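Let's take a walk through a protein together, one piece at a time. Keep the picture open beside you and look for each part as we get to it.

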Amino acid sequence: MNSASSGPGWAESVSASPSTAAAWSDACRIEDLALLHSEFADYSQALELDEAWPVRWTTTWKFGQTSITSPVSDLDKVDLRRSVPVRRFTWRMDQFHRPGLEYLMATDRHHGFESHEEERLLLVADFAAGLVEALCQPFRLRFLSGGKTIRHIPDFLLVTESGLFLIDVRPADRIKPEDALKFAAAAETALVAGWQYGVVAGWREYVWTNVDALSAERRPLPDVLGIQDELRKVVAQGPLPFGELVEHCRIPAIGRAHAIHLLWHRHLGLDLSGPFGDASLVRLAPQQHHRELPR
């Protein structure tokens, strides 16, 4: 497989609850911000997981107009770079869900989603996942349970700097037993492939509104006045409230835009545990957290 290998640092798929501890934006990962549902784990007992299951279970990937089916045991042979969504996104006036396209800085193109929850996942992943690639509806999994063949299409496969992260997105109150069974099967598939798996059931308090606010300045922002260096020098003395930081700039209104730009790209860090505003504490991010600023 032409992708990064999985590595340490990815949290286990366990339930999370909101925390008041500081969550610095420059250091956070997607699993630090998401509420990961884990109650599907008990449903693995209903799966047919004998010694030959990685051969009997299959995945179907789409490459252009061609579909290729292979055993789960051969996932390391899939060329992710050539794959396209295994299921087409559809738009109708009377449909219940809300599909659309979300632009990601990490890939410099739009990616499909089928609901508001999936759209939020894409934006947070662009911010916090160390994203290299995002594959929407990546493959169709065919697995066995109780003598029956069941099919499931995971929502996303994220290729990140730390490895591969297979994700389903579903609010906790909408997870039915048949969904939990499919999530358990997806988790087993990810495990045998060496991927991380998670079911994103929501976000910690303030995460979504904060990330949405920071995304307003994620695109290239020319710094002809040298405002970004001013911001770095001021905050290098120690963390400051956002409003106080931008007031140290020659033109505070421009300083606000550049500060948010630096926050998105992790040159500055923001405490995400509270709502973003002038009182939000901002710090200078360590060099290893920086992302290249877009030109």
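**A stop on a loop**

Asp-278 counts as partly exposed because its relative accessibility is 40%; buried means under 20% relative accessible area, exposed over 50%, and partly exposed in between (1.4 Å probe, protein chains only). You'll find Asp-278 in the loop between S13 and S14. Helices (H or I, at least four residues) and strands (E, at least two) are DSSP runs, numbered from the N terminus. Leaving out residues up to four places away in sequence, Asp-278 touches Pro-241, Phe-242, Gly-243 and Arg-256, where contact means heavy atoms within 4.5 Å. Val-246 is 32 residues from Asp-278 along the chain, yet their C-alpha atoms are separated by 9.1 Å.

Before going on, a word on what you're looking at. This is a predicted model, in which local features need pLDDT of at least 70 and side-chain atom pairs count only at pLDDT 80 or more, while totals for chains, interfaces and linings use all residues. Residues are numbered from 1 along each chain as its sequence is written, and side-chain values use heavy atoms, with hydrogens and water left out.

Now zoom out. The protein has 8 helices and 14 strands, and buried residues make up 50% of its 295 residues. Take the contacts between residues at least 6 apart in sequence: 65% of them join residues at least 24 apart.

Back to the loop we started on, and the strands on either side of it. Strand S13 and strand S14 (residues 281-284) run antiparallel and are joined by 3 bridges; two strands pair if DSSP finds at least two bridges between them. Across from Leu-270 stands Val-282 in S14. These strands belong to an open sheet of 3 strands, ordered S12-S14-S13, with antiparallel pairing. Its edge strands are S12 (240-241) and S13 (268-270), each pairing on one side only. Helix H6 (residues 227-235) lies across S12, S13 and S14, and runs at about 100 degrees to S14. For angles like this one, axes are lines fitted to C-alpha atoms, for helices over the stretch in contact, and the angles run from 0 to 180 degrees between N-to-C directions.

Next, look at the loop between H8 and S13, where Arg-266 lies. Arg-266 is buried, with a relative accessible area of 5%, and its phi is near 65 degrees, a positive value in a residue other than glycine. Asp-108 also has a positive phi, of about 60 degrees, although it is not a glycine. Asp-108 sits in the loop between strand S4 (100-104) and strand S5 (109-113), and it counts as exposed because its relative accessibility is 57%.

How do helix H5 and helix H8 cross? The axes of H5 (residues 207-214) and H8 (residues 252-264) come within 9 Å and cross at roughly 120 degrees. The two helices are therefore oblique to each other; angles under 35 degrees count as roughly parallel, over 145 as roughly antiparallel, 65 to 115 as roughly perpendicular and the rest as oblique. Val-211, Ala-213 and Leu-214 in H5 meet Ile-260, Leu-263 and Trp-264 in H8. The residues of this contact divide into 6 nonpolar, no polar and no charged. Here Ala, Val, Leu, Ile, Met, Phe, Trp, Tyr, Cys and Pro count as nonpolar, Asp, Glu, Lys and Arg as charged, and the others, Gly among them, as polar.

Another open sheet has 5 strands in the order S1-S11-S10-S9-S6, with mixed pairing. Strand S1 (34-37) and strand S6 (131-136) are its edges, each pairing on one side only. S6 runs antiparallel to strand S9 (residues 156-160), with 5 bridges joining them, and Cys-136 has Phe-156 in S9 as its bridge partner. Helix H4 (residues 177-193) lies across strand S10 (163-169) and strand S11 (196-203), running at about 140 degrees to S11.

Last stop: a hairpin. S2 and strand S3 (residues 66-71) pair in the antiparallel sense over 6 bridges, with 2 residues between the strands and a positive phi near 65 degrees at Gly-64. Thr-60 lies in S2 (residues 58-63) and counts as buried, at 13% relative accessibility. The side chain of Thr-60 makes a polar contact with that of Thr-69 (2.7 Å). A polar contact is a pair of N or O atoms within 3.5 Å; within protein, one must be able to donate a hydrogen and the other to accept it, and residues adjacent in sequence count only if both atoms are side-chain atoms.
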